[in-house]
Amino acid sequence: KSQETVSSLSGAASQKIKVSEDPVAGFISQHDYDVPTLAFPSISTADFQFNLEKASNIIVEKVEEFIDKLGNARLVLVDLIHGSKILSLVRAKAIEKNIDSRRFLTFVGDITQLHSKGGLRCNVIANAANWRLKPGGGGVNAAIFNAGGPALEAATTDRAKSLLPGNALVVPLPSISPLYSKEGVTHVIHVLGPNMNPHRPNCLDNDYTKGCRVLQDAYSSLFEGFLSIAT
Ligand code: AR6
């Protein structure tokens, strides 16, 4: 059991919302609805086959580096499944490092339905993209382009035609996109992480020296991109 229903804190506007009971996951109150929040998936750890232990170290290091620059903004690491290995690893390491659980949370849910299904308001979501910045390909990229509709595709193409590993691209979402109107997402940040999968372009052939550097750069670019719109 990793989810429970709790009441939010504000009297008249009180409503039941779902929050994770994990220690790192903070309680979500009505007040938090106005807080700039970035929801991000674990970059490169599924289709791109990056080692989970190494990736979890990098996520926690990068969160630690950026957390004091966030002001009242929050970062939320999201994965689809209960029992997600990357979420457990990151939670354990975040607790060890005493990372502020009001500003860094983990959450189980579909990143394209966080508000409507999860009761979690995130105005910015990150995408684990491909180098062509194209829809499809499965994973979170397919889900986000699907949910964002043609408006997301057009807004992305307007800004860039491709992305280099370790880089991020901030895309303001037109209000006609269903992700905006249904979920309150105002920006999507596309991120290209390192690829360790020999069946995908630019495979690093198990070179984790380079891979870790690229993943660190990817999270720095992502968090800097978020800071540029949130603070
Ligand atoms: N909501 C939340 N998390 C998700 C969702 C979702 N809807 N879907 C997947 N995840 P992946 P990568 C999690 O494979 O490894 C694509 O084909 C998933 O469990 O999406 O960076 C692109 O086009 C995992 O923890 O991204 C690229 O070619 C995380 O998101 C390539 O895959 C990332 O998994 C990128 O591979």
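Figure 1. A backbone N or O atom of Ser-44 lies 2.8 Å from an oxygen atom of the ligand. A polar backbone atom of Val-140 is 2.8 Å from a ligand oxygen atom, and one of Thr-45 is 3.4 Å from an oxygen atom of the ligand. A polar contact is a pair of N or O atoms within 3.5 Å; within protein, one must be able to donate a hydrogen and the other to accept it, and residues adjacent in sequence count only if both atoms are side-chain atoms. This is a predicted model, in which local features need pLDDT of at least 70 and side-chain atom pairs count only at pLDDT 80 or more, while totals for chains, interfaces and linings use all residues. Residues are numbered from 1 along each chain as its sequence is written, and side-chain values use heavy atoms, with hydrogens and water left out.

**Figure 2. The shell around the ligand.** The ligand is surrounded by 24 residues (a heavy atom within 4 Å). The closest are Ser-44, Asp-47, Asp-79, Gly-137 and Val-140. By class, the shell has 11 nonpolar residues (Ala, Val, Leu, Ile, Met, Phe, Trp, Tyr, Cys and Pro), three charged (Asp, Glu, Lys and Arg) and 10 polar (the others, Gly among them). Strand 4 (74-79) and helix 4 (139-159) each supply at least two shell residues. Helix 4 gives the largest share, four residues. Helices (H or I, at least four residues) and strands (E, at least two) are DSSP runs, numbered from the N terminus.

**Figure 3. Leu-133, a residue with positive phi.** Leu-133 is found in the loop between strand 6 (124-128) and helix 4. Its phi is near 55°, a positive value in a residue other than glycine. Leu-133 counts as buried because its relative accessibility is 4%; buried means under 20% relative accessible area, exposed over 50%, and partly exposed in between (1.4 Å probe, protein chains only).

Figure 4. At 58% relative accessibility, Asn-206 counts as exposed.

**Figure 5. Gly-225 and Val-171.** Gly-225 has its place in helix 6. With a relative accessible area of 9%, Gly-225 is buried. Gly-225 and Val-171 are 54 residues apart in sequence, and their C-alpha atoms are 9.8 Å apart in space.
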